[in-house]
Amino acid sequence: MTIHKIIELLLFFVVILNSVILLGQETISERVTENLISGDSITVINESKKMNDLQQQKKIILLNQLINNQGQKPTEDSISFYQTIYKTNDTLTILGSCINAYYHLLNNKRNVPCIHQLENALQIAKDSNNIDFQKLALLGYLKLYSRENTLTRKSFKEYLKEYEKLNTTLSDIAWSKYYNNLFEGMTIKEDRAIFHQSCKDLIKFISKNESKLKDHIKIRYYENIGAYYRTIGTLDSAKYFLNKVIEYKDSPFTYQSKLNAFLDLGATFSKEGLFNKANFYFKNANQYYNRSDSISSQELLDRFKAIYYHEPKAIALNESKNNYAIAYKLMYNSFLNRRLYNYDKNNLVVSELNQQLRTAEKEKTIAEQETKNNELILDKVKADAKTKQITIILTSTLLLGSIIAFLVYRNTKRKQRIAEQDRELQIQKTETILKEKELETINAMVSGQEKERLRLAGELHDNLGSTLATVRMQVENLERNLDKVDDPKALLQKTNDLVNEAYEKVRSISHKSNSGVMAKDGLLPAIEKLSRTVSTTNTLTIDVQDFGLENRIPNELEITIFRIIQELVTNIVKHAQASEATISLTQHDNELNIMVEDNGKGFIVGKLEEKDGMGLGNIERRVEHLEGSIEVDSTLGRGTSISIDIPLQE
C-alpha cells in the first residue's frame, strides 16, 4: 500500500471521527430542545449535562428554569436574567435572546423588549437553519399573542402557521392544536362552528395520545376542554376535565391553569344552581393568583364573581341584600384592572411593532441577497489566485490529520489494554471477597454447632449424668442387699422412679436439641413455647404475633430460623434488661419477615463487641447464608429493634 493511500485512509478516519462527535452533540442539542418544548424539565437538565460547551449547558438550564417557573418565582428568575452572555456563537446568542425574551414574557410584561429578543432569536435560528430553536422562538411568540386581544389575531395566525410547518414531534402537534384552539376562541364571535371543531380536535387528540404527552401540555388541554364543555352546557364533562386540572400537584406551571379551572368550576356549579359550591370554588381560586400577571388574574376573578352574584337564583339564596351592589362593584373593578393592564393600547403597540419587524426582516433579506451576489463575484475573481494556496493548505492538513489519527488510534488501544487489565483485577477482587464471605458463613455455622454441642454435653454431664449415676448406685445396692432388704418392692419402685426421671431428662434434652420444632407442630408453636418458658422464668414478658403463617416451611429452615430467634431472645434476657419484648413473624408472597423488639437499655450500633458464643455478627452471617438481610436499629435507653427478611422457596 502506497503512502498516498495510507494518508487517504487516515484522513477518512479523522473525518468520520469528527462527524460522529459532532453528530452526538447535535443529537444531545435536539433532545434538549425537544424536551424544553414538551415541558420535561428533568430530562432537559440531565441531557444538558452531557454537553461539552459549559456556557451552552448553563444557558439551557437557565431557560429551562424560566419556562418551568412560568413567572411564579420572580426573585429566582431575575438571577437568570442577569447571567446571560451574548455573541459567542449562534447557539449561545439564540439561547441568550430566548432567556431574555421569556424573562420579559413571564415576569416583566414588557412586550417591546420581548418581541425584539424573540425576533433576534428567530432570525439567527433561520440563518443557521436550526429548526429546534426556531420552534422555541415561535412558541414564545404564540404565548405572547395568546394573551392579547383582537388586534393581534393576524400576527398570531401567521406565527402559528409558521410553527405548524416545522412540526416533527408529537409535542409540536399538540402545541399547534392547543394554540389553534386559543386562536379560534379569540374569534368565536365570528364563527362558532370553527371554534367548536377545534375543541373537538383537542378532545380527539388527547384521548388518543394522553399517555404519551407531558404534564405541561395535558393540563392545558384539560383546562380548555373543560371550559368548552361548560360553554355548551355539558356540565358533567366540564367538571370531569376541570377536576383533572385541580388534581395536579401545585407547582409554578399549574397556577394559571388551576386559577382558570377553579373559576370555570364555580361558573359550572352556578349554572346548576349550586351556589354554595360555586362560592367555594371562587374563594379557593384566590390562592392561585398568577404572580407574574396579578392584574389580569384579579380582573378575571372579579369578572367571574360579578357574573355569579348577578345570578337571580344566587341573589334569592344568599342572605345578603346587597348582591347587586357587590356584582356592580366587582364588574367595575374588573373594568378598572382591564384599563390598568391597557389591553387595547398594548395590542396596538404589539401589532405595529410586529409589522415593523416583518418589514425590516424583508429589507434585511434583500440586502443580504445583494451582499451574497457581490461576494460570489469577488470569490470567482479570487478563485484562480487561491487555488495553489488551497492545495498547499490541504496537503498540510492531510499530513497533520494523519499524524493525529495515528496518535489517537495508538492512545485508544493503550486505554483499551489498561481497561481490560482493570476488569481482570476487579474480577479477582470480587472472587476473593466472595470466598472470604463464604468462609465467614461457614465459620458462623461451625461456631453455632460447636456451641450447641457444648451445651448438649453440659446437659448430659450435669443433669442426666448425675441421675444415671444415682440409678447405677441404687441398682448395685439392690444387687448386694436384695436378701437383707425388708421391703425390696419399695427399693425397686425407687429405682424405677430414678429410671423414669432419667428418661424424662433424655426426652427434655431431645426436645431442646431439636429446638422444639416438631414435625407435628412447626415453627410458630415452638416460638410460642419458647416465649412462655422465658416469660415464666424471668421478669421479661414476650408477646408473639404472626401474620400469614398458614403453611409449613421446610423443617431444616424452621430449625435454623428458630436458632436465630432463640439466640436473639437469649441476648435480650442476658443483656437488654428489658421488661417487654415482641416477636413478629409475617409471611407475604415468598418472603418471611422476622421482627424482634424490646424496651431495654439499647446499645450503639456498630460498637458492640462479640462476647463468648454467637454475637450479632454470627447471626448476620447465618442470615446471609439463607440469602436474607438483617437490619439493627437501637438507641441508648430506648430499646432495640431487629428486622430480618428471609426468602422462602416455593
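1. Residues are numbered from 1 along each chain as its sequence is written, and side-chain values use heavy atoms, with hydrogens and water left out. A contact here means heavy atoms within 4.5 Å. Residues 610–614 also stay under 50, and for them the model has 11 such contacts. Where pLDDT is low, the predicted coordinates should not be read in detail.

2. Confidence, whole chain. The chain has a mean pLDDT of 75, with 67% of its residues at 70 or more. Confidence is lowest in helix H16 (residues 312–317), where the mean is 50, and highest in strand E5 (residues 640–647), at 94.

3. Overall make-up. The chain contains 22 helices and five strands. Both kinds of element are DSSP runs numbered from the N terminus: helices are H or I with at least four residues, strands E with at least two. Of the 650 residues in the chain, 41% are buried. Buried means under 20% relative accessible area, exposed means over 50%, and partly exposed lies in between (1.4 Å probe, protein chains only). Taking contacts between residues at least 6 apart in sequence, 65% join residues at least 24 apart.

4. Nonpolar cores. A nonpolar core is a set of buried Ala, Val, Leu, Ile, Met, Phe, Trp, Tyr and Cys residues joined through side-chain atoms within 4.5 Å. The largest one has 78 residues, and Leu63 and Tyr102 have the most contacts inside it. Beyond its neighbours within four places in sequence, Tyr102 touches Leu63, Leu66, Ile67, Asn107, Leu136, Leu139 and Gly140. Another core lies apart from the largest one; it has 34 residues, including Ile527, Leu540, Ile619 and Val623.

5. H7 (residues 131–146) has 16 residues and spans 22 Å from its first C-alpha to its last, close to the 22 Å expected at 1.5 Å a residue. The expected span is 1.5 Å times one less than the number of residues. Because 13 of its 16 residues are buried, H7 is largely enclosed by the rest of the structure. At the start of H7, a side-chain oxygen of Asn130 comes within 3.3 Å of the backbone nitrogen of Asp132. Asn129 is in the loop between helix H6 (111–127) and H7; its phi is near 55°, a positive value in a residue other than glycine. Asn129 is exposed, at 58% relative accessible area.

6. Helix H8. Glu162 lies in H8 and is buried, with a relative accessible area of 16%.

7. The structure holds 10 salt bridges, each a side-chain nitrogen of Lys or Arg within 4 Å of a carboxyl oxygen of Asp or Glu. One of them joins Lys157 and Glu184 (3.9 Å, N to O). This pair links distant parts of the chain, with Lys157 in helix H8 (residues 153–165) and Glu184 in helix H9 (residues 170–186), 27 residues apart. Lys157 is partly exposed at 21%, whereas Glu184 is buried at 9%.

8. Other salt bridges. Asp236 and Lys239 form a salt bridge (3.9 Å, N to O), and both lie in helix H12 (residues 235–246), three residues apart, about one turn of the helix. An α-helix has 3.6 residues a turn, so residues three or four places apart point the same way. Asp236 is exposed at 60%, while Lys239 is buried at 15%. Lys258 and Asp250 also meet in a salt bridge (2.4 Å, N to O). Lys258 is buried at 2%, and Asp250 is partly exposed at 40%. Salt bridges that share partners join Asp236, Lys239 and Glu272 into one network.

9. Another positive phi. Glu627 has phi near 65°, a positive value in a residue other than glycine. Glu627 is placed in the loop between helix H22 (616–625) and strand E4 (629–634), and is exposed at 68%.

Key. This is a predicted model: local features need pLDDT of at least 70, side-chain atom pairs count only at pLDDT 80 or more; totals for chains, interfaces and linings use all residues. pLDDT is the predictor's confidence in each residue, from 0 to 100. A polar contact is a pair of N or O atoms within 3.5 Å; within protein, one must be able to donate a hydrogen and the other to accept it, and residues adjacent in sequence count only if both atoms are side-chain atoms.
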